[in-house]
Amino acid sequence: MAEFRVFAAAMALFGCCLSASLAQAEGFDSDYEELVWEEIQPQLPAAPKASALLPFFVSATTDNRFFVDGDSISVGSDGVVRYTLVVISAAGARNVSYEGIRCESGERRLYAFGRNDGGWSKARGNAWARIKDSSLNRQHAALYNEYFCPIGIVVNDAEEARMALRAGGHPSLPRRS
């Protein structure tokens, strides 16, 4: 009978400890402060100069040539890599856009289009969108996967992004054959 009393007392003590632990865990959940991501206000850069354009490989399935204006690259405190993208078609047509990539979520955003006079026009469809890696139009996937967000982690600064572009890919990634 004494053994039963010791066992009952131990179980009662265990129950009290378990109840206290559960109450503390519930308090943790309700007291936990959820961090909300906020985007900083981007500043439009100067028009790209030919001398600052850094070419990057997108795909063998396109005749377009792709460049990032090295002078325009910034890594914001919000974790967004912002840059000017220049695309030149096989026929010589040139498209200029100011964009951002959020490495944490794998999303991209278009801020503005470059005008012929060197100014910018605000993009109408400028919401964050998931980056898709398709065989055509994969410039954003290439920048995300191979240059600005290797293994999903944002580069430390603009110089690291420029070095990755100059090297043909981020040094933390395996080399293409």
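**Reading the terms against the values**

Author: Gladly, and here is a place to start: the charged end of arginine 102 sits over the ring of tryptophan 37, 3.8 Å from its centre.

Reader: What makes this a charge that sits over a ring?

Author: The term asks for NZ of Lys or CZ of Arg within 6 Å of the ring centre and within 35 degrees of the ring normal. At 3.8 Å from the centre, arginine 102 is listed as sitting over tryptophan 37. Before we go on, a word on the source: this is a predicted model, where local features need pLDDT of at least 70 and side-chain atom pairs count only at pLDDT 80 or more, while totals for chains, interfaces and linings use all residues. Residues are numbered from 1 along each chain as its sequence is written, and side-chain values use heavy atoms, with hydrogens and water left out.

Reader: Why is phenylalanine 56 called buried?

Author: Buried means under 20% relative accessible area, exposed over 50%, and partly exposed in between (1.4 Å probe, protein chains only). Phenylalanine 56 has 6% relative accessibility, so it counts as buried. Tyrosine 147, with a relative accessible area of 1%, is therefore buried as well.

Reader: Which residues touch the most other members of the largest nonpolar core?

Author: They are Phe56, Ile101, Leu143, Phe148 and Leu165, in a core of 25 residues. At least two residues each come from β1 (53–56), β2 (65–75), β3 (80–88), α2 (139–148) and α3 (158–167), and α2 gives the most, with six. A nonpolar core is a set of buried Ala, Val, Leu, Ile, Met, Phe, Trp, Tyr and Cys residues joined through side-chain atoms within 4.5 Å. There is also a second, separate core of ten residues, among them Leu53, Ile88, Val96 and Tyr111.

Reader: How do you know that arginine 109 and glutamate 39 form a salt bridge?

Author: A salt bridge is a side-chain nitrogen of Lys or Arg within 4 Å of a carboxyl oxygen of Asp or Glu. The closest N and O atoms of this pair are 2.5 Å apart, so arginine 109 and glutamate 39 meet the cut-off. Arginine 109 is in strand β5 (residues 107–114) and glutamate 39 in the loop between α1 (2–31) and β1, 70 residues apart. With a relative accessible area of 17%, arginine 109 is buried, while glutamate 39, at 24%, counts as partly exposed. The whole structure has ten salt bridges.

Reader: Which residues form salt bridges with arginine 138?

Author: Aspartate 133 does, at 2.9 Å from N to O, and glutamate 146 does, at 3.2 Å. Arginine 138 has 12% relative accessibility, so it counts as buried; glutamate 146, at 18%, is buried too.

Reader: What does arginine 162 touch, and why is it called buried?

Author: Arginine 162 lies in helix α3, and its relative accessible area is 18%, so it is buried. Contact means heavy atoms within 4.5 Å. Not counting residues up to four places away in sequence, arginine 162 touches Leu54, Gly70 and Ile73. Its side chain reaches the backbone oxygen of glycine 70 at 2.9 Å, a polar contact being a pair of N or O atoms within 3.5 Å; within protein, one must be able to donate a hydrogen and the other to accept it, and residues adjacent in sequence count only if both atoms are side-chain atoms.

Reader: Why is isoleucine 151 called exposed?

Author: Its relative accessibility is 70%, so isoleucine 151 counts as exposed. The residue is in the loop between α2 and α3.

Methods. Helix = DSSP H or I, 4+ residues; strand = E, 2+ residues; numbered from the N terminus.
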